[in-house]
Amino acid sequence: EKFIGCMMHDGKKSVARRIFADAIAVIKTRTKEEPMEVFSKAMLNVTPLIEVRPKRVGGSGCQVTLDVAATRQVALSTRWILGAARDRKGIPMAQKLALELLDASAEQGGAFKKKQDVIKMAQANKAFAHLAK
């Protein structure tokens with residue numbers, strides 16, 4: 001329900017529910033796995049554990065590596081999956097969402113790449129970790 005609420009545009013929850021149900025149906029036809037297991041695996045693979053936040057120190061800004069709170073982890077993974085699905089062009093939203101969930105569960109796709117980019121950024125800015133207070 002939280003995912004459907006984030007997917008919703010202009011308060012049209014019935015449309016969002018239909019898109020999600022159609023995406024689950026597409027996943028069911030493409031894999032032998034349970035569709036909700038694919039969804040939870042995709043969410044787990046995209047969930048970030050660390051992130052970088054800007055902080056001003058002595059007049060200059062630097063990126064500080066921080067742990068991500070549990071609620072923010074869910075929010076970020078939902079946002080990244082939906083954003084990557086919306087960036088795909090030329091097919092209906094249900095198919096775009098299904099393909100993105102399948103890619104994320106297989107550790108591929110735009111949302112997983114976003115997580116990898118955040119991890120790389122955090123690794124590069126480990127020197128500023130002592131400023132995280």
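Buried means under 20% relative accessible area, exposed over 50%, and partly exposed in between, computed with a 1.4 Å probe on protein chains only. By that rule Leu76, at 5% relative accessibility, counts as buried; the tour returns to Leu76 below.

This is a predicted model, in which local features need pLDDT of at least 70, side-chain atom pairs count only at pLDDT 80 or more, and totals for chains, interfaces and linings use all residues. Residues are numbered from 1 along each chain as its sequence is written, and side-chain values use heavy atoms, with hydrogens and water left out.

**Whole chain**

Start with the whole chain in cartoon. There are six helices and two strands, where helices (H or I, at least four residues) and strands (E, at least two) are DSSP runs numbered from the N terminus. Read from the N terminus, the order of elements is α-α-α-β-β-α-α-α. Along the principal axes, the C-alpha atoms fill a box of roughly 55 × 35 × 30 Å. Of the 133 residues, 38% count as buried. Contact here means heavy atoms within 4.5 Å. Among contacts with a separation of 6 or more, 58% are between residues 24 or more positions apart.

**Asp10**

Next, select Asp10, in the loop between H1 and H2. Asp10 is not a glycine, yet has a positive phi of about 55°. Most residues other than glycine have a negative phi. At 76% relative accessibility, Asp10 counts as exposed.

**H3 against H4**

Select residues 35-46 for helix H3 and residues 70-87 for helix H4. At what angle do the axes of H3 and H4 cross? They cross at roughly 110° and come within 9 Å. Axes are lines fitted to C-alpha atoms, for helices over the stretch in contact, and angles run from 0 to 180 degrees between N-to-C directions. Angles under 35 degrees count as roughly parallel, over 145 as roughly antiparallel, 65 to 115 as roughly perpendicular and the rest as oblique. H3 and H4 are therefore roughly perpendicular to each other.

Show side chains at the crossing. H3 contributes Ala42, Met43 and Val46, and H4 contributes Val74, Ser77, Thr78, Trp80 and Ile81. By class, this contact has six nonpolar, two polar and no charged residues. For these classes, Ala, Val, Leu, Ile, Met, Phe, Trp, Tyr, Cys and Pro count as nonpolar, Asp, Glu, Lys and Arg as charged, and the others, Gly among them, as polar.

**Three residues of H4**

Stay on H4 and select Arg72, which lies in this helix. Arg72 is partly exposed, with a relative accessible area of 28%. Not counting residues up to four places away in sequence, Arg72 touches Glu51 and Arg53. Draw a C-alpha distance from Arg72 to Leu49: the two are 9.8 Å apart in space and 23 residues apart in sequence.

Move to Gln73, also placed in helix H4. Is Gln73 buried or exposed? Gln73 is buried, with a relative accessible area of 17%. With residues up to four places away in sequence left out, Gln73 touches Thr47, Pro48, Leu49 and Val68.

Now go back to Leu76, again in helix H4. With residues up to four places away in sequence left out, Leu76 touches Pro48, Glu51 and Val68.

Select residues 93-105, helix H5. H5 has 13 residues and reaches 18 Å from its first C-alpha to its last, close to the 18 Å expected at 1.5 Å a residue; the expected span is 1.5 Å times one less than the number of residues. Of its 13 residues, 10 are buried, so H5 is largely enclosed by the rest of the structure. The buried residues of H5 are Met93, Ala94, Lys96, Leu97, Ala98, Glu100, Leu101, Leu102, Ala104 and Ser105. They pack against helix H1 (2-7), helix H2 (13-30), H3, H4 and helix H6 (109-124).

Step on to Glu107, in the loop between H5 and H6. Glu107, a residue other than glycine, has a positive phi near 60°. At 48% relative accessibility, Glu107 counts as partly exposed.

**Cysteines**

Finish by selecting Cys6 and Cys62. Cys6 is partly exposed at 40% relative accessibility, while Cys62 is buried at 11%. A disulfide is a pair of cysteine sulfur atoms within 2.5 Å, and by this rule the count comes to zero.
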